[in-house]
Amino acid sequence: MNYSERTEKLFNNQVEKWELANTNYKQLENVKTRSIIFDGFNLLIQFNPGRITSSAAKVDTKSIQARPCFLCERNRPEQQKGLAFAPGMTILVNPFPIFKKHLTIVADSHTNQRIAGNFNTMLKLAKALPEYQIFYNGPQCGASAPDHFHFQAGNKGFLPIEEDFTDGKLCRLNSSREDIELWQWTGYQRGVVTLKGSNKNKLVSAFEKFCKRFAATQSDRPEPMLNILASFSSDEWIIHIFPRKLHRPSQFFADDNSKILLSPASVDMGGVVITPREEDFLKIRKKDLVDICSQISLNNNELLPLLIDLL
Ligand SMILES: [Zn+2]
């Protein structure tokens, strides 16, 4: 059996036999969603109370050091089974899903969340699991375990960015070179760079070059703030990179009724905005999202200079 088939088997087994997963995947069927319509694209708002732990997670060094790491094998629930993925990683079913099929792929050792040296593995995963979007949240922009290296994966056909890229209304080719393309977006509210191609080495080197340039603008951080989505189909990878300038928007910290508990990461950047509190789900408006996006992501004046001669 290939990874896809083995993962499918693991998923079905876990949802059937592990009570926590069983309950939470069933509950996901009743999760409420609504659309907010922008010019040329939609954002989907998902009311998902099961995500409160992740969205409100304290990710400062002190809090992280004080808790047992929930991704280390010795601390994982006994019922949670894994599937080895070379090199040194294990595929797990995420018991707090956003997607109908939601995985966490964790390093076997307790090492910091860093994309440097690991982007190649992300592309391998995308190819091994072509039914999934693989995603990465940087240690300071969405990872609730910044001290334990991991990716997540969610079934394709859910994040609006997939279709937004296919229909191509808001993106255009910035540059291309043989088997690699660089795409830029306009009017999408959030800054995003898209790489597409069949040559893994070229994708890795374009990504690394971009990271190096972006890192120079955030030299006080352990790595430049990034959310990344990667998928594979028809012998090509599609990679959406969301450079970030802030983790949580001001609304997250408000203590009056302007508070919106939103902690944006890859899924939100991909177009599904997760609100763990019902009041936020009901009250969030287009203008809030425009404001939040402008706080947390790069605009084209900041982003496009990073793309010059990237390929
Ligand atoms: Zn750990």
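I began with helix α7 and listed its buried residues: Leu-203, Val-204, Ala-206, Phe-207, Phe-210, Cys-211 and Phe-214. I took buried as under 20% relative accessible area, exposed as over 50% and partly exposed as in between, with a 1.4 Å probe and protein chains only. These residues cover an arc of only 165 degrees around the axis, so they sit on the same side of α7. The arc is that of the directions from the helix axis to the C-beta atoms. On the face turned away from the buried side I found the exposed residues Asn-201 and Lys-212.

The model is predicted: local features need pLDDT of at least 70, side-chain atom pairs count only at pLDDT 80 or more, and totals for chains, interfaces and linings use all residues. Residues are numbered from 1 along each chain as its sequence is written, and side-chain values use heavy atoms, without hydrogens and water.

Next I looked up what covers the buried residues of α7; the list includes α5 (119-128), β9, β10, β11, β12 and α12 (300-303). Helices (H or I, at least four residues) and strands (E, at least two) are DSSP runs, numbered from the N terminus. Helix α7 (residues 200-215) lies across β9, β10, β11 and β12, at about 5 degrees to β12. Axes are lines fitted to C-alpha atoms, for helices over the stretch in contact, and angles run from 0 to 180 degrees between N-to-C directions. Contact means heavy atoms within 4.5 Å.

I then traced the sheet. It is open, has 10 strands in the order β3-β4-β5-β7-β6-β11-β12-β10-β9-β8, and its pairing is antiparallel. Two strands pair if DSSP finds at least two bridges between them. β3 (82-85) and β8 (171-177) each have a single partner strand, so one side of each lacks a neighbour in the sheet.

In the sheet I checked β7. Five bridges join it to β5, and four join it to β6. His-150 is the bridge partner of Val-106, and Gln-152 stands opposite Phe-135. Six of the six residues of β7 are buried, so the strand is largely enclosed by the rest of the structure.

Last, I looked at the cores. A nonpolar core is a set of buried Ala, Val, Leu, Ile, Met, Phe, Trp, Tyr and Cys residues joined through side-chain atoms within 4.5 Å. The largest has 52 residues, of which Phe-151, Leu-195, Phe-210 and Ile-239 touch the most other members. Its largest share, seven residues, comes from α7. A second, separate core of 33 residues includes Phe-41, Ile-98, Met-269 and Val-272.
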